[in-house]
Amino acid sequence: MLDTIDPDRTTDARFGLARRVTLPGPLRLDGGVLLSPVDIAYETYGTLNADASNAVLICHALTGDQHVASTHPRTGKPGWWTRMVGEGRPIDPARHFVVCANVLGSCMGSSGPATINPATGRAWAMGFPVITIRDMVRAQAMLLDHLGIDVLQAVVGGSMGGMQALSWPATFPDRVRACVVIASTARHTAQNIAFHEVGRQAVMADPNWRGGDYHDESAPTAGLAVARMAAHITYLSEAGLTEKFGRRLQARDAKSFGFDADFQVESYLRHQGLAFTDRFDANSYLYITRAMDYFDLAEEHGGLLANAFRATRARFCLVSFDTDWLYPTAESRSIVQALNAAGAPVSFVELSSPYGHDAFLLEAPELNRVVDGFLRAGA
Amino acid sequence: MSTTTPQETLRADLGIIAHHVARGSRVLDVGCGDGALMAALRDERGVDARGLEIDPGNVAAAVGRGLSVIQGDADVDLQGYPDASFDYAILSQTLQTARAPDLVLDHLLRIGRRAFVSFPNFAHWRVRLSLLWGGRMPVTRQLPESWYDTPNIHHVTIDDFRAFLRQRGVIVEGAWFLSGDKQTTSAAANLLAEHAVFLLRGEPGA
């Protein structure tokens, strides 16, 4: 289909890796604040076709970023979803124009507590307005306006990315034709909120946090690491942890009768926590977990989830994993039921995996088969 | 099957169902397997087909064909579907595997304005011979599993099903009886048919 490609689009400065745009806004946030301007860091892969009908928006999870299929600038690691996005993958730049933007409130270039408040010339810190999942989606829509994309072929996300994906047709019913929601939920439960609160309290209990004003001094890395450790457990399954670590000791033959990381699982978690602080901002962690806790799509639509989907003609595909206890299958099922009640075309499958919530990021041939078939059906 | 050329690759009972579903209608296929019937209905008859299937591998295969299929259990998940939300609800080769086939049938007639039900006939002469002469649970072409691993937990005969429909006041709008790929007469069906397909309607005039 080379003849349908507008030659200008291939050299357009709006398209490519490591892009950042400052949009004037204002963006009216759910909390009532008008945010202006709005910075959005993003990447695009592939070529937008002449009628701009092949755009696929990828929504990232809590600590994810726009580097969905490109090397992360700080960690040097490959993109976080190269199993789903790339050549020969279900989302393929050869066919799709892939857009992935850093969410509002995050710390990889989009407006958030770590960016500069133009009014003060200093980091927003805790002065940044509290945001919601829907605010993230509205910011993404502003980016699509900037990119010249009116309607998405699909919006795809796992975990918090799935919350955004689900919010898309609810917020912009006419701007999305297909919606893929993986290992996600339509609302945060008390247990979800509880785990997040543990993480937030760990950050705020770190003396380096200083009410969020740590940007000129040491960051609250100890607190943020503990937050990440607690959260990380929720992304795995007990069976997965047992298989990977069991009760094995870390580089020693006997227990130390002290409080070193005797067990491999302790050492692993400490490493995960510490590595996380190299790439993530503590205040962003507070803001984004808050946005997730506030998420209740039914509440935004008169208490009935089906109402969220009555105006859209989008097709839906939901996938859950049987060992995911963070967003268990029952959450996906209740979304499916609401979609059915709204008359929306919906597919759903619970896949089997030993890896818990994180399964959606790992090699899962069945997941790829489902997403590929679903996306091709609407193309 | 000579009258159903577009569905030649379909199993015989599915071919009959596909041939009698009205064009452009809305269909729910309960126990849709890998979506073979749904795909045929969509491609040949412009049907808006939705599926319910218990096996995740089958769901993945069906979604891979671009079909809208939900993984679920007919015994549990039919109650979430609104009344009369489909023109047809189809239950092919699934009735005898349900824990509560009577309730599944109630849901079918509630959700669909009409229902297709197909099942293997447990009174087929081969089955009878197997029990009469062999004294063993039959293992036949239609019932290939042994007693301990069969998913068919509610074996039913054509006459059982007819009596059941009469008892419940369900209207039979059509019935087809298959021996292999060939149709047999209604009168001898309970003995000669391996398979039955019924087109049903709930209330008179509905």
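Modeller: Start with confidence, since this is a predicted model. Chain A averages a pLDDT of 95, and 97% of its residues score at least 70. Where pLDDT is low, predicted coordinates should not be read in detail.

Now the overall build. Chain A holds 10 helices and 12 strands. Its C-alpha atoms fill a box of roughly 70 × 50 × 45 Å along the principal axes. Of the 379 residues, 51% count as buried.

Next, the domains. Chain A divides into domain 1 (2–189 + 296–378) and domain 2 (192–290). Look at the numbering: domain 1 is written as two segments. Taken over C-alpha atoms, the centres of the two domains of chain A are 26 Å apart. They also touch. Here 26 residues of domain 1 are in contact with 24 residues of domain 2. What is the domain 1 side of that contact made of? It has 14 nonpolar, 10 polar and two charged residues.

Go inside now. The largest nonpolar core has 177 residues. Within this core, A:Cys179 and A:Val180 touch the most other members. Helix H8 of chain A (residues 282–294) gives the most to this core, with eight residues. Which residues does A:Val180 touch, leaving aside its neighbours within four places in sequence? They are A:Ala154, A:Val156, A:Ala165, A:Cys317, A:Val371 and A:Phe374.

The peptide bond from A:Gly25 to A:Pro26 is cis, with omega near -5 degrees. A:Pro26 sits in the loop between strand S1 (19–23) and strand S2 (27–28) of chain A. Another cis bond runs from A:Ser36 to A:Pro37, with omega near -10 degrees. A:Pro37 belongs to the loop between strand S3 (34–35) and strand S4 (38–45) of chain A. A:Ala52 stands out in another way. Its phi is near 50 degrees, a positive value in a residue other than glycine. A:Ala52 lies in the loop between S4 and strand S5 (55–59) of chain A. Is A:Ala52 buried, exposed or partly exposed? It has 18 other C-beta atoms within 10 Å. Buried needs 20 or more, and exposed needs 12 or fewer. So A:Ala52 is partly exposed.

Last, the partner. 21 residues of chain A are in contact with 14 residues of chain B. On the chain A side, helix H9 (329–341), strand S12 (346–351) and helix H10 (365–378) each give two or more residues. H10 of chain A gives the most, with eight. By class, this side of chain A has 11 nonpolar, five polar and five charged residues.

Chain B itself has eight helices and eight strands. Its C-alpha atoms fill a box of roughly 45 × 40 × 35 Å along the principal axes. Of its 206 residues, 45% count as buried. B:Gln93 lies in the loop between S4 and H5 of chain B. Its phi is near 60 degrees, again a positive value in a residue other than glycine. With 19 C-beta neighbours inside 10 Å, B:Gln93 counts as partly exposed.

Note on methods: Residues are numbered from 1 along each chain as its sequence is written. Chains are lettered from A and ligands numbered from 1 in the order in which they are written. This is a predicted model: local features need pLDDT of at least 70, side-chain atom pairs count only at pLDDT 80 or more; totals for chains, interfaces and linings use all residues. Two residues are in contact if their C-beta atoms, placed from the backbone, lie within 7 Å. Helices (H or I, at least four residues) and strands (E, at least two) are DSSP runs, numbered from the N terminus. Ala, Val, Leu, Ile, Met, Phe, Trp, Tyr, Cys and Pro count as nonpolar, Asp, Glu, Lys and Arg as charged, and the others, Gly among them, as polar. A nonpolar core is a set of buried Ala, Val, Leu, Ile, Met, Phe, Trp, Tyr and Cys residues joined through C-beta atoms within 7 Å. Domain bounds come from an automatic or database domain assignment. pLDDT is the predictor's confidence in each residue, from 0 to 100.
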